[in-house]
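Biologist: I am new to this one. Please show me the model, and then let me ask about it piece by piece.

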Amino acid sequence: MVDVFLIGNEDWCFYGLSRFLRLLHCVHYWSRSASVKFIMNMQSEAHATENEQPGSNFSDVFQTKHGYQGDFLASKFSELMKLESLESATSQSLFSVVKRVLEESIERKNGNIPQRVASVVKLVVQEIEHRVSKQAENMRKQRNLYKSREDRYQLKIRALETLATGTTEENEIVMKQLQHIKIEKAKIEEKKKLEENDLNRLRKEKDDYETQISSLKQELKLAKRTYEENQLQLETHAKETKVQLEKRILELECLLADSRKKVKELEDFSESKFLIWKRKEHRYMHFIDSQFGSLQELRLASEYLKQEVLKTKEIYADEVHHFGLNLKGLVDAAQNYHTVLEENRKLYNEVQDLKGNIRVYCRVRPFLPGQSEKNTTIQYIGDSGELVVINPSKQGKDSHRLFKFNKVFGPAATQEEVFRDTQPLIRSVLDGYNVCIFAYGQTGSGKTYTMTGPSVTSVQDWGVNYRALNDLFNISQSRKSSIAYEVGVQMVEIYNEQVRDLLSNDSCQKRYPLEISFMTPCLMKH
Ligand SMILES: Nc1ncnc2c1ncn2[C@@H]1O[C@H](COP(=O)(O)OP(=O)(O)OP(=O)(O)O)[C@@H](O)[C@H]1O
């Protein structure tokens with residue numbers, strides 16, 4: 001804390017005023033970092049000396065601490081106005097007031113100065129202006145006073161110079177007086193010079209003060225405007241807030257009414273629910289009672305069922321025993337099945353053997369379109385394989401020849417009829433017997449027709465080969481659970497006593513490597 005003691009009075013000299021202002025600047029600087037206390041002294045002119053201690057009511061009024069509230073200052077200023085002490089206050093104290101107001105404004109940062117303080121500051125500034133002009137007037141008066149004194153001294157000098165023309169003694173005395181007067185004049189001139197300097201300095205300081213006052217006025221104006229704007233904004237904001245709050249209150253009231261309504265509805269709802277649940281409880285209790293009765297019945301039924309199950313168990317055990325016995329018979333029968341099957345096969349193939357190991361069938365081709373039926377050489381076809389052929393080039397007994405076959409198929413025989421006699425041999429193949437079916441005859445006699453058929457697309461036209469293979473796969477498929485067959489196919493041609501492999505892609509290997517004497521033309525192989 002820095003304490004500054006200023007002792008002031010109405011006749012405070014210019015030197016004292018300037019020193020105070022310099023101190024004021026220093027304090028303005030210190031006040032930014034330290035708490036500053038001003039103590040103004042209101043001593044009367046008669047008792048004013050620089051060594052006197054401060055201590056009057058007015059100093060107490062203006063004594064304030066850094067950090068006081070603006071309202072507090074305003075109250076103090078009002079007090080000052082009431083006491084009519086503004087006019088009796090010293091200039092230093094008035095400057096201090098202005099300074100304090102500015103410091104308060106800086107501390108507040110928002111630049112707001114209450115209206116009351118602003119009006120007081122305005123009065124203080126006016127008072128300062130008045131006093132400065134009064135000081136300038138006093139200065140002018142003093143200068144005029146000094147001027148008249150100087151004129152008087154000039155007159156005295158001239159009178160003394162006139163007297164110097166008198167006696168030497170008188171002259172010496174006069175000279176001494178003159179010397180004395182000259183010294184005094186020099187002193188007065190020096191004093192005058194100092195005063196003029198002071199006057200100039202005071203004028204300059206007055207100009208500075210006027211500048212400061214105008215800047216202070218500007219700041220005050222600005223602060224006032226800012227304050228008014230802020231106040232306006234605050235009022236607007238307050239109005240808006242009030243409107244919003246009123247709106248909000250209305251909304252809340254509506255919500256409250258809704259909530260009350262909902263609460264009422266919920267209460268009604270819970271009441272009805274309670275009644276429903278009560279009824280349900282009653283129903284469930286009844287249901288539980290009936291269920292309990294049913295449970296008792298079920299227990300009895302369960303006991304009865306237990307007895308039944310025990311009985312059934314016993315019956316089941318007997319039946320399982322009988323079933324086991326039957327099954328045993330079946331197992332024995334199944335074990336004999338393969339033996340029986342084998343016997344069956346053997347018998348079947350023996351029948352085939354009895355029919356003949358080598359069977360020869362004859363098929364008579366019908367006349368081709370354009371051939372005359374009158375030229376036929378077939379005289380008779382018997383049911384037991386007889387065939388009588390006419391030889392018109394011979395006479396007598398040799399003109400007829402009788403041939404005997406296992407069977408002779410006439411020109412009207414179908415493909416199916418021809419295959420029917422061959423079919424049993426296919427089953428013998430799958431029983432492990434070798435079977436060979438081949439066609440023999442001159443060119444154009446119908447070998448291909450009989451073995452392959454005129455068309456593959458129609459099943460009726462299928463020849464012996466297709467039908468035999470079809471049977472082979474059907475029987476092997478039906479026996480697949482007990483026997484696995486492997487089927488291979490060869491296709492050979494015997495032409496000019498040469499055997500050719502018709503399925504070979506290699507033309508060089510087409511000739512079959514077997515000698516004809518070893519050839520067993522088997523079409524199907526087990
Ligand atoms: N049973 C039949 N019914 C009707 N037409 C037949 C019958 N047999 C053979 N043909 C006809 O006779 C002609 C000769 O028959 P196919 O080609 O089968 O004789 P091929 O003995 O095979 O002769 P190649 O030895 O020259 O091959 C064919 O046009 C065939 O359609």
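Here are some questions and answers about this model.

Modeller: This is a predicted model: local features need pLDDT of at least 70, side-chain atom pairs count only at pLDDT 80 or more, and totals for chains, interfaces and linings use all residues. Residues are numbered from 1 along each chain as its sequence is written.

Biologist: How many helices and strands does the protein chain have?

Modeller: Both kinds are DSSP runs, numbered from the N terminus: helices are H or I with at least four residues, strands are E with at least two. By that rule the protein chain has 10 helices and nine strands.

Biologist: What percentage of the residues in the protein chain is buried?

Modeller: C-beta atoms are placed from the backbone, and the other C-beta atoms within 10 Å of a residue's own are counted: 20 or more means buried, 12 or fewer exposed, and in between partly exposed. The protein chain has 526 residues, and the buried share is 11%.

Biologist: Which residues of the largest nonpolar core touch the most other members?

Modeller: A nonpolar core is a set of buried Ala, Val, Leu, Ile, Met, Phe, Trp, Tyr and Cys residues joined through C-beta atoms within 7 Å. The largest one has 13 residues. The members that touch the most others are L94, V121 and V124.

Biologist: Which element gives the largest share of this core?

Modeller: Helix 4 (91–108), helix 5 (115–163) and helix 6 (168–355) each give two or more residues to this core. The largest share is five residues, and they come from helix 5.

Biologist: Which residues is V121 in contact with, leaving aside neighbours within four places in sequence?

Modeller: Contact needs C-beta atoms, placed from the backbone, within 7 Å. With neighbours within four places in sequence set aside, V121 is in contact with V98, V101 and L220.

Biologist: Is I426 buried or exposed?

Modeller: I426 is found in helix 8. A second, separate core of seven residues includes I426, along with V429, V464 and A468. Leaving aside neighbours within four places in sequence, I426 is in contact with A468, D471 and L472. Because 20 other C-beta atoms lie within 10 Å, I426 is buried.

Biologist: Which domains each give at least three residues to the shell around the ligand?

Modeller: The residues around the ligand include R365, P366, L368, G441, K447 and P454. Domain bounds come from an automatic or database domain assignment. The shell draws at least three residues from each of domain 2 (357–413) and domain 3 (432–526).

Biologist: How many residues of the shell around the ligand are charged?

Modeller: Ala, Val, Leu, Ile, Met, Phe, Trp, Tyr, Cys and Pro count as nonpolar, Asp, Glu, Lys and Arg as charged, and the others, Gly among them, as polar. The shell has four nonpolar residues and six polar ones. The charged residues number two.

Biologist: Where does G441 lie?

Modeller: The unreviewed UniProt entry has a "binding site" annotation that covers G441, Q442, T443, G444, S445, G446, K447 and T448. Such positions use the numbering here, feature names are shortened, and annotations may be inferred rather than shown by experiment. G441 counts as exposed because it has 12 C-beta neighbours inside 10 Å. G441 lies in the loop between helix 8 (423–430) and helix 9 (447–451).

Biologist: Why does T448 count as exposed?

Modeller: T448 is found in helix 9. T448 is exposed because the number of other C-beta atoms within 10 Å is 12.

Biologist: What is phi of N496 near?

Modeller: Most residues other than glycine have a negative phi. N496 is found in the loop between strand 8 (492–495) and strand 9 (498–501). N496 counts as exposed, with 4 C-beta neighbours inside 10 Å. Its phi is positive, near 55 degrees.

Biologist: How far apart are the C-alpha atoms of P392 and T377?

Modeller: P392 lies in the loop between strand 5 (386–390) and strand 6 (400–404). P392 and T377 are 15 residues apart along the chain. Their C-alpha atoms are separated by 8.2 Å.

Note on methods. Near = placed C-beta within 6 Å. Contact = placed C-beta atoms within 7 Å.
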